[in-house]
Amino acid sequence: MDAARLTRSWNLVAAHGDQVPLYFYSTLFLSHPEIRQMFPTNMAGQRDRLVTALGHIVSQVDQTDRLAGFLRDLGADHRKFAVRAEHYPAVGEALLATVRHFLADQWTDDLARDWATAYGLVARVMTEAAQAAGEVSPPWWVAEIVAHDRRGFDVAVLTLRPQYLLPFTAGQSIGVSHPAVRSWRYYSPANAPRADGTIEVHVRAAPGGAVSSRLVYGCAAGDQVHLAAPVGDRLTLRPAGSADLLLLAAGTGWAPVKALVEQVAGEGSGRRVALYVGARSRSEFYDVDAIDKLASACPWLTVSYVVGVDLARPGEFVHPVDRALADGDWRSRQVYVCGSDAAVSHAVAALTRAGYHAGQVHHEGSGAQWYGSAWRTAVRAGTAPDGSGGVR
């Protein structure tokens, strides 16, 4: 298998843009119509994921260890879509047909063998990973919504009770789906693990978001949702060791930060924590009671609210990182940044300019909230993220 030849051929194919996933899925669904029901009605996000995943797999095909980890995550994660071993040959046929179509007269017997070998490796690793994951966890958990609290027009706080324990670590994310929507979105629980197993999720309805809109506007206490296995470790406290912390949260990015504060409180480690919570306006601080309660109970925690829009300064927008850097030098602390892609990008750039090194600044990759463990692995490995959104 010639990795360089594979990469060159994929670059030629990918240059055709949206036509590539359109041809792939058309081929797949025409030849295997029974597979169509496994996918969401709106395929826009799915098409984005396909192109990103294929590009990553091909570009890393000669880096066996890195690719294997990516594929294991991908295989285990795809169980929630009811993907089984017998589906892989159909996907492989559609993939090779797509590459052959767009390469046209540049398609050769050698390339056919390369692509068949590469996909065979992909299918084998993913299938084995799915089988191994099936021995220790279900493809998804069924959970009851025990509380649904609207905190504004487009924000809701949900308390979920899985039918049986879903283990996770503060800072990880779990997939959430509604039975009526064949789509998943990843949310970070807003609590450290609890004795009763309940999970708090903060949801902002995204424009056109099938999952988030359903969770905010179309659910009530007593309804059921599906949960996928926890993923991600970049926002957990493990990388920070026992260092003091600077926590920067914007919007519903407060959710994983809240879980981290709860974990520190439970550990009784005595580390100092400075928390900056930002919102566009005062009315958008949707969880003030919980924040103030934590501040009152934890003498090692200092809290600063940052209002983004200042009427006295029209045209300016203040981020939590701006206020934090103006308040002091935090370079002895580990920094956690949570919020929208734009807020995180701004914070990371500002911290870097201020002399904070990459190893002390912790955040998820752009677009990670739309995807599962495979996407997070890809971002960690350096694949360019897709900021277009995806299935929400």
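One term before we click anything: buried means under 20% relative accessible area, exposed means over 50%, and partly exposed is in between (1.4 Å probe, protein chains only). This is a predicted model, where local features need pLDDT of at least 70 and side-chain atom pairs count only at pLDDT 80 or more, while totals for chains, interfaces and linings use all residues. Residues are numbered from 1 along each chain as its sequence is written, and side-chain values use heavy atoms, with hydrogens and water left out.

**Colour by confidence.** pLDDT is the predictor's confidence in each residue, from 0 to 100. The protein chain has a mean of 85, with 86% of its residues at 70 or more. Now select 368-392: pLDDT stays under 50 there, although the model has 74 contacts (heavy atoms within 4.5 Å) beyond four places in sequence for this stretch. Where pLDDT is low, the predicted coordinates should not be read in detail.

**Select A104.** You'll find A104 in the loop between α5 (88-103) and α6 (109-134); helices (H or I, at least four residues) and strands (E, at least two) are DSSP runs, numbered from the N terminus. Its phi is near 55°, a positive value in a residue other than glycine. Most residues other than glycine have a negative phi. A104 counts as partly exposed because its relative accessibility is 49%.

**Next, helix α7 (210-217).** Which residues are buried here? They are V211, S212, L215 and V216. These four sit on the same side of α7 because they cover an arc of only 120° around the axis, taken from the directions from the helix axis to the C-beta atoms. Show the strands too: the cover over the buried residues includes β1 (141-150), β2 (155-162), β3 (174-177), β4 (185-187), β5 (199-204) and β6 (224-227).

**On to W254.** This one is in helix α8, and with a relative accessible area of 1%, W254 is buried. Leaving out residues up to four places away in sequence, W254 touches H202, A249, L275, V277, Y286, D287, I291 and L294. Pick Y286 from that list: W254 and Y286 are 32 residues apart in sequence and 9.8 Å apart in space, C-alpha to C-alpha.

**Last stop, R271.** Look in the loop between α8 (254-267) and β8 (273-279). Is R271 buried or exposed? At 5% relative accessibility, R271 counts as buried. A polar atom of its side chain lies 3.1 Å from the backbone oxygen of G241. Beyond four places in sequence, the residues R271 touches include L237, D244, V264 and W300.

Technical notes: Polar contact = N/O pair within 3.5 Å; in protein donor to acceptor, adjacent residues only side chain to side chain.
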